[in-house]
Amino acid sequence: MLVFSLTPEYYAAYVLYNHTMLVFTNVFFILLLLGLCAWMLDQFQTLVTMEAPWVKTPNEVLDQIAEKITIKPGDIVYDLGCGDAQVLIQLAKKNPNATFIGVEKLNYVCALAWLKIKKAGLHNVIIKKGDLYKLSIKDATHIYLWIYPQMVNKILPKLERELTQGVTVYSMDFPFHGKDPVAVYDLSGVKNKSYARKLFEYRF
Ligand SMILES: C[S@@+](CC[C@H](N)C(=O)[O-])C[C@H]1O[C@@H](n2cnc3c(N)ncnc32)[C@H](O)[C@@H]1O
């Protein structure tokens with residue numbers, strides 16, 4: 001028969017171990033709860049403000065977008081409402097000497113974008129957490145948008161105010177009211193979806 005003698009040292013180590021595990025478990029669940037609350041708050045805010053939810057530009061058209069957008073070294077490309085930054089990541093891989101800036105208001109989507117950029121090992125993509133109506137875009141050479149039609153028209157005065165040097169703006173699916181595009185591209189390959197079919201190109 002095995003007999004363990006419970007020395008005071010062993011008992012102290014046992015209590016310390018149990019205590020540490022308890023603290024870790026509690027911290028883990030508190031962080032999980034906080035993350036869940038932040039996510040619910042984000043979702044609620046999107047619903048209340050009726051702004052575009054996070055929907056990804058379909059993979060099938062990413063290559064086509066990257067083909068249409070001509071970028072030179074030194075250019076600064078914004079995706080206003082960048083989601084998980086997949087459009088910027090695609091462009092950044094192809095254009096390592098340009099800078100790509102994503103603006104996104106949802107915390108958890110920003111975190112996801114940041115992780116994807118790290119995973120892709122890119123140093124030329126920056127995510128700015130904030131409101132696309134408020135952030136200065138005066139240094140942009142190109143802008144990509146995929147937001148609701150009412151948002152596209154709400155941001156138009158800002159674009160006209162801040163973009164003055166032949167900046168190219170692309171809007172997926174939704175054209176501006178009262179402004180003629182310089183080109184409209186039909187995107188093929190998106191099956192069974194009524195979105196991500198047309199890319200409107202504008203010059204400001
Ligand atoms: C349709 S998704 C497009 C995502 C990404 N551009 C893409 O093509 O995959 C629109 C994104 O805009 C973000 N958004 C909506 N309103 C915003 C605002 N006022 N400021 C910043 N981001 C916003 C949403 O959270 C969402 O991620």
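Biologist: How many of the six residues of strand E2 (residues 99-104) are buried?

Modeller: Buried means under 20% relative accessible area, exposed over 50%, partly exposed in between (1.4 Å probe, protein chains only). Five of the six residues of E2 are buried, leaving the strand mostly covered. Strands (E, at least two residues) and helices (H or I, at least four) are DSSP runs, numbered from the N terminus. This is a predicted model, where local features need pLDDT of at least 70, side-chain atom pairs count only at pLDDT 80 or more, and totals for chains, interfaces and linings use all residues. Residues are numbered from 1 along each chain as its sequence is written, and side-chain values use heavy atoms, with hydrogens and water left out.

Biologist: In which sense do E2 and strand E3 (residues 125-129) pair?

Modeller: Two strands pair if DSSP finds at least two bridges between them. E2 and E3 pair in the parallel sense over five bridges, and Ile101 has Ile126 in E3 as its bridge partner. Strand E1 (residues 76-80) also pairs with E2 in the parallel sense, over five bridges; there Tyr78 stands opposite Ile101.

Biologist: What do E2, helix H4 (residues 107-120) and E3 make?

Modeller: A crossover is right-handed if, with the strands pointing away from the viewer, the path from the first strand over the helix to the second runs clockwise. E2, H4 and E3 make a right-handed β-α-β unit. E1, helix H3 (residues 86-94) and E2 make a right-handed β-α-β unit too.
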